[in-house]
Amino acid sequence: MLSHGGAEANNLNVIFLPFLCTSHTIPMIDMARIFAMHGVNITIFTTAGNVGIFQKCIDRDISLGRYIKTHILEFPAQQVGLPIGIETMNANTSLDTAKKIYEASLLLQPRIESYLFDKLFKVDCIVSDMFYTWTVEAAAKLGVPRIVFCPASIFSRCAELSFELHATHTEADSENIKIVGLPHKLEIARLQLPDWLLEPSEFGSIMKGVNDSTRRSYGAVFNSFYDMESAYEEHYKNVFGTKCWSLGPVSYWANQDLSDKAERGDEKVEEGDVLLQWLNSKKENSVIYVSFGSISKFPISQLIEIAHALEASTHDFIWVVRKNNEAGGSSEEGEGFMEEFEKRVRESKKGYLIWGWAPQLLILENKAIGGIVTHCGWNTTIESINAGLPMVTWPLFSEQFFHEKLVVEVLRIGVSIGVRKWKIWNEFEGEVVKREDIGKAIGLVMENGNEAKEMRSRAKALSEDSKKAILVGGSSHANLIQFIEELESLKLQRLNGSI
């Protein structure tokens, strides 16, 4: 099935291959749309269960005359033992299901390759999610560049590579470990390192493959901007030995239209929405936004601590809640507590709870928002930076503890809530952050003390830099134009037989 926008233009033909995970897909689609905005022919390969996340925006781009289309692949659910319709990793995905979705994503390889190698199908470049390591060989056979899309910060990729190259975590049994070779002198607690770095594992083998294929790629693209990660962008080029382009913030660049912001994800917010009315009734910088991303669910015991901290705070709040009723307390007891809590804060107009999906771009850009409590997922982190918001950092898994280092110690625009231990995907039992610690951290970013003012000032300055980056003459805009021109030059050389 092809959804397309009119006659093909005689421009570059670039394939985008997003991974089947919401946090990977959304920024990669934004990036694809930015390329289409600049005259590149884009084809996005995805499955029926994933296309709903972004197709409305694609249709709007097509109506504007942009050359962008989606190609729907049949998801091999039966082959991996998944029920029909389960094709995306998100907050409801168990570890076992996530493994099956990953297995299914690898089974898509021959189906995608059959299109890539079809003589009628024009390919000048493949932009591939980092987990599709096989695209290195496919691009080589086609004689086109393979570009890696990394859905994290450049800093985190450099930190991970530091441990791969220097293995400082294996040398001593110390509690804190140096991250050597980086532009800044930093340490991280051993318990905050991903488990795949500490001991051999299946995911560790996957990440080794990711790093190996990255080194053999033409280059990498990141949802970042030069003024924020310049030292690490240069460091990345040196340690990986490949090119690197920061092209962000992609959400701000691609979603200028109100409809794009309201429909980002698989739901829509109307202009007169109750949430927006509530926000617009609040004073500037008076509301704390609490969100832990698309794939994080806490047990009831942790939700109760968060609720008490927010209710005791002197600040109003929006809280995006994703429940996990299988651990950390009685489901019935927790349901009762949360219902009563929501009723109280709604009546007092102190708080607003969102169960499930939230229109995050619309929320973050509202003047009432003064700070955010975040899991340090990269999409939320850079969207918060773009909005100029200081952060309370509460990392959970993946590369989120590295992002906390960037926010708190390098950029100095956040306060750590004090989480000491990395967790396995969606298994958040065990350590419970207490209400007192939550309240204290929120106070540090929301109050008017000197530390908070300086933090807010740095966040605002970064926000201005991020907005300038996508304008003509800005770093991300210049990177995009230079990248497109380089791809056009490579295409010309290939057509002339010189490469």
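This briefing covers salt bridges in the structure above. The model is predicted. It holds 20 salt bridges.

**D61 and R33**
- D61 pairs with R33 in a salt bridge, with the closest N and O atoms 2.7 Å apart.
- D61 sits in helix 3 (residues 55–63) and R33 in helix 1 (residues 22–37), so the bridge ties together parts that are 28 residues apart in sequence.
- D61 and R33 are both buried.

**R420 and E175**
- R420 forms a salt bridge with E175; the closest N and O atoms are 2.9 Å apart.
- R420 lies in the loop between strand 18 (414–416) and helix 20 (435–446), and E175 lies in the loop between helix 8 (154–166) and strand 7 (176–179), so this pair links parts that are 245 residues apart in sequence.
- R420 is partly exposed, at 36% relative accessibility.
- E175 is exposed, with a relative accessible area of 54%.

**R346 and E342**
- R346 and E342 meet through their side chains in a salt bridge, at 3.4 Å from N to O.
- Both residues belong to helix 16 (residues 331–348). R346 and E342 are four residues apart there, so about one helical turn separates them.
- R346 is exposed, with a relative accessible area of 56%.
- E342 has 16% relative accessibility, so E342 counts as buried, the cut-off being under 20%.

Conventions. Residues numbered from 1 in each chain as written. Predicted model: local features only at pLDDT ≥ 70, side-chain atom pairs only at ≥ 80, totals over all residues. Heavy atoms only, no water. Salt bridge = Lys/Arg side-chain N within 4 Å of Asp/Glu carboxyl O. Helix = DSSP H or I, 4+ residues; strand = E, 2+ residues; numbered from the N terminus. Buried < 20%, exposed > 50% of the residue type's maximum accessible area, 1.4 Å probe, protein only.
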